[in-house]
Amino acid sequence: QHNCHVSEITKDHVILDNGSEVEFTHCIWATGAGAHPLAQKLKKNGLSVNQRGWIQVDENLQSLSHPSVFAAGDCSSMEGLAGGPPPKAGVYAVRAGPVLIENLTEFLQQKALKPYVPQDDFLKLLVCGDGKALGFRFGIPIYGRWVFKLKDKIDLMFMNLFKAENLPNLQEGAKFDTSQYDAIADQDRVPLEPSLAAELIEREDDDVDYQKAWDVFRDMAKDPTYRNEVLLCRTQKLAPVISAIAK
């Protein structure tokens, strides 16, 4: 239902403010991101903020109204992009981080700033609570224990950055390490043959090597030609199934 609000949730019903009830077996609470109250306070002091409360920035993550203010992640909205601002998803905030660090230091030295170019798609992962997870990338649904292992790996890679031994060594005049958090995994490798790649990421059994599957998705992200070849192999494999269902 549209144009209504949730008043209460029971173990098997959502109760709306108009008095009606919606029965459910599983409830996924996906309310989306909300603006931080600080943004509204800054707006009163002249900072450019859009109608939803996001700090408006350009491609350099620099405020449209105050050049000395930078913002990245869920608190901001990148204006001027052909496809509109990127979604409120952690991957965009994480990948904007290194660009933000570099631009802050370059701005203080009055040097040219570096634009942040958001990716046009991202890997979506959801833990199922039973040791498995499901995901979605390039229109391909993925599921299984290997998907959970993949999510766990990605999360741990990022959180490990905050360990004392992995924090940057801040020295005056030295350049910051602005590489992406997963750059180490972006090493040169020979992509898996497209038909084998399509077969691998379709599997749901426990024997799937999550690292190899992740490599497939990374190679698809880097090389549009390879991506299309994998997607074509998957489409050809599904064609008989789709045809049988249509009949």
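Select Asp-121 to begin: in this predicted model its relative accessibility is 17%, and since the cut-off for buried is under 20%, Asp-121 counts as buried.

Through salt bridges with shared partners, Asp-121, Lys-124 and Arg-137 make up one network. A search of the whole structure gives seven salt bridges, and two further ones are visited below.

Move to helix α3, residues 145-159, and select Lys-151 and Asp-155. Both residues lie in this helix, four residues apart, which is about one turn. They form a salt bridge whose closest N and O atoms are 3.3 Å apart. Are these two side chains buried or partly exposed? Lys-151 is partly exposed at 21% relative accessibility, and Asp-155 is partly exposed at 36%.

Now select Arg-234 and Glu-202. Their closest N and O atoms are 2.3 Å apart, in a salt bridge. Arg-234 is in helix α6 (residues 224-246) and Glu-202 is in helix α4 (residues 194-202), so the bridge ties together parts of the chain 32 residues apart in sequence. Of the two partners, Arg-234 is buried, with a relative accessible area of 16%, whereas Glu-202 is partly exposed at 24%.

Stay with α4 and display helix α5, residues 210-222, beside it. The two helices pack with their axes 10 Å apart, at an angle of about 120°. Angles of 65 to 115 degrees would count as roughly perpendicular and those over 145 as roughly antiparallel, so α4 and α5 are oblique to each other. Their crossing is left-handed.

To see what makes the contact, show side chains on both helices. On the α4 side, select Ala-197, Leu-200 and Ile-201. On the α5 side, select Lys-212, Ala-213, Val-216 and Phe-217.

How values were computed:
Residues are numbered from 1 along each chain as its sequence is written. This is a predicted model: local features need pLDDT of at least 70, side-chain atom pairs count only at pLDDT 80 or more; totals for chains, interfaces and linings use all residues. Side-chain values use heavy atoms; hydrogens and water are left out. A salt bridge is a side-chain nitrogen of Lys or Arg within 4 Å of a carboxyl oxygen of Asp or Glu. Buried means under 20% relative accessible area, exposed over 50%, partly exposed in between (1.4 Å probe, protein chains only). Axes are lines fitted to C-alpha atoms, for helices over the stretch in contact, and angles run from 0 to 180 degrees between N-to-C directions. Angles under 35 degrees count as roughly parallel, over 145 as roughly antiparallel, 65 to 115 as roughly perpendicular and the rest as oblique. A crossing is left-handed if the near helix is turned anticlockwise from the far one by less than a right angle, and right-handed if clockwise. Contact means heavy atoms within 4.5 Å.
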